[in-house]
Amino acid sequence: GGGGGGVESPTLQSTISRFACRITCQRSQPHTARVYAAGFDSSNNIFLGERAAKWRTADGMMDGLTTNGVLVMHPAHGFTHDSAPGPWREISVCGKVYALRETRSAQQRGKLVENESNVLQDGSLIDLCGATLLWRSPQGLDQAPTLKQLESLRREVNAARPQCPVGLSTLAFPSLARREGVDKQQPWVYVSCGHVHGYHHWGSRGECGERGGGPEERECPLCRRVGPYVPLWMGSEAASYLDAGPPTHAFCPCGHVCSAKTVKYWSRVPLPHGTHAFHAACPFCATWLTGDKGHVRLIYQGPLD
């Protein structure tokens, strides 16, 4: 029962090997899943790069790390509304848990963490230096919102008939399955303040040339705060949600909308990037989050009638 919520760092070339890791699952209850670094090649031998760290263990067995490492993060309290990000660890070929190396591909391995294991939990993240996988358990997915529930939440928001405070037009989120382009009634948001509008050309800082704002910078007509102005989309990957709460918040600067608990959790998850950096990202599109919080509460204007 694994699910992939791909989170890719914006690098020009992927460093993911097709032998990056392997996952084994018990055939009988409780169907425990474990992750190991590296995989078997066509000759059924463990494949490691020439520069990969290797060593002999105390019991005479060989162990090692992949060149760029297989990193795992187990969230505290599972993948629920009480979840909190845990520390990132590195997994060896034999499934041992180590503290992170000084840099991603350093030859010296980190310190062995003896009280932790390579058993995957609901909500565990596996980073392969170019893609991050979200592991969901069958029990966890049973509690997760379904696409039908997300569609119902979308309809509830639209049924409230939110309006653009400038054009006074009624706004509506498009269907979760629709991704061809921005809809005419689609809500837009000023990510600096959270005020929701319909699309309009007012307040472009690129036109005004004030405050050094780029072409995408807009001034909110309600509070005058300047920042990106983007269309809002309901996040459609149900496995990335922590709960089925109302879609009241959006990630910055991409505009993907989900529940408050979901957006606050992912905004606190540092995803590995490069040789030793970490950065939070939107779970729906992998865009790096910006601003003080990485998200904003949406402020709607209701119908006037």
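**Aromatic pairs and the rest**

Author: The count comes to 10 aromatic pairs, where rings of Phe, Tyr and Trp (its six-membered ring) pair if their centres lie within 6.5 Å; planes under 30 degrees apart count as stacked, over 60 as edge-to-face and the rest as tilted. Take Trp 55 and Tyr 98: the ring centres are 5.6 Å apart and the planes stand at 80°, so this pair is edge-to-face. It links distant parts of the chain, with Trp 55 in strand β3 (residues 54-56) and Tyr 98 in strand β7 (residues 97-98), 43 residues apart.

Reader: Before we go on, what kind of model is this?

Author: This is a predicted model, in which local features need pLDDT of at least 70, side-chain atom pairs count only at pLDDT 80 or more, and totals for chains, interfaces and linings use all residues. Residues are numbered from 1 along each chain as its sequence is written, and side-chain values use heavy atoms, with hydrogens and water left out.

Reader: OK. Are Trp 55 and Tyr 98 buried or exposed?

Author: Both Trp 55 and Tyr 98 are buried. Buried means under 20% relative accessible area, exposed over 50%, and partly exposed in between (1.4 Å probe, protein chains only).

Reader: And what sits over the ring of Trp 55?

Author: The charged end of Arg 109, 4.2 Å from the ring centre. The rule is that NZ of Lys or CZ of Arg is within 6 Å of the ring centre and within 35 degrees of the ring normal.

Reader: Which residues form the aromatic cluster?

Author: Trp 188, Tyr 190, Tyr 199 and Tyr 229 make up one cluster. Both Trp 188 and Tyr 229 are buried. Those two rings form a tilted pair, 5.2 Å centre to centre with 35° between the planes. Trp 188 is in strand β10 and Tyr 229 in strand β13, so the pair ties together parts that are 41 residues apart in sequence.

Reader: How do β10 and β13 pair up?

Author: Strands β10 (residues 188-190) and β13 (residues 226-231) are antiparallel, over 3 bridges. Trp 188 has Pro 231 in β13 as its bridge partner. For the terms, two strands pair if DSSP finds at least two bridges between them, while helices (H or I, at least four residues) and strands (E, at least two) are DSSP runs, numbered from the N terminus.

Reader: Switching to helices. Which residues of α2 are buried?

Author: Leu 150, Glu 151, Leu 153, Arg 154, Val 157 and Asn 158. They cover an arc of only 155° around the axis, which puts them on the same side of α2; the arc is that of the directions from the helix axis to the C-beta atoms. The buried residues pack against β14 (233-234), with contact meaning heavy atoms within 4.5 Å. On the other side of α2, Lys 148, Arg 155, Glu 156 and Ala 159 are exposed.

Reader: And what comes just after α2?

Author: Arg 161, with a positive phi of about 50°. Most residues other than glycine have a negative phi, and most peptide bonds are trans.

Reader: Where else is phi positive in a residue other than glycine?

Author: His 77 is one of them, near 65°, in the loop between β5 (71-73) and β6 (88-91). His 77 is exposed, with a relative accessible area of 60%. Cys 129 has a phi near 60° and lies in the loop between β8 (125-127) and β9 (132-134). Cys 129 is buried, at 14% relative accessible area.

Reader: Which peptide bonds are cis?

Author: Among them are Gln 29 to Pro 30, with omega near 5°, and Cys 252 to Pro 253, with omega near 10°. Pro 30 is in the loop between β1 and β2, whereas Pro 253 is in the loop between β15 (249-251) and β16 (256-258).

Reader: How far is Gly 291 from Pro 253?

Author: Their C-alpha atoms are separated by 8.2 Å, and the two residues are 38 apart along the chain. Gly 291 is in the loop between β18 (277-279) and β19 (295-297).
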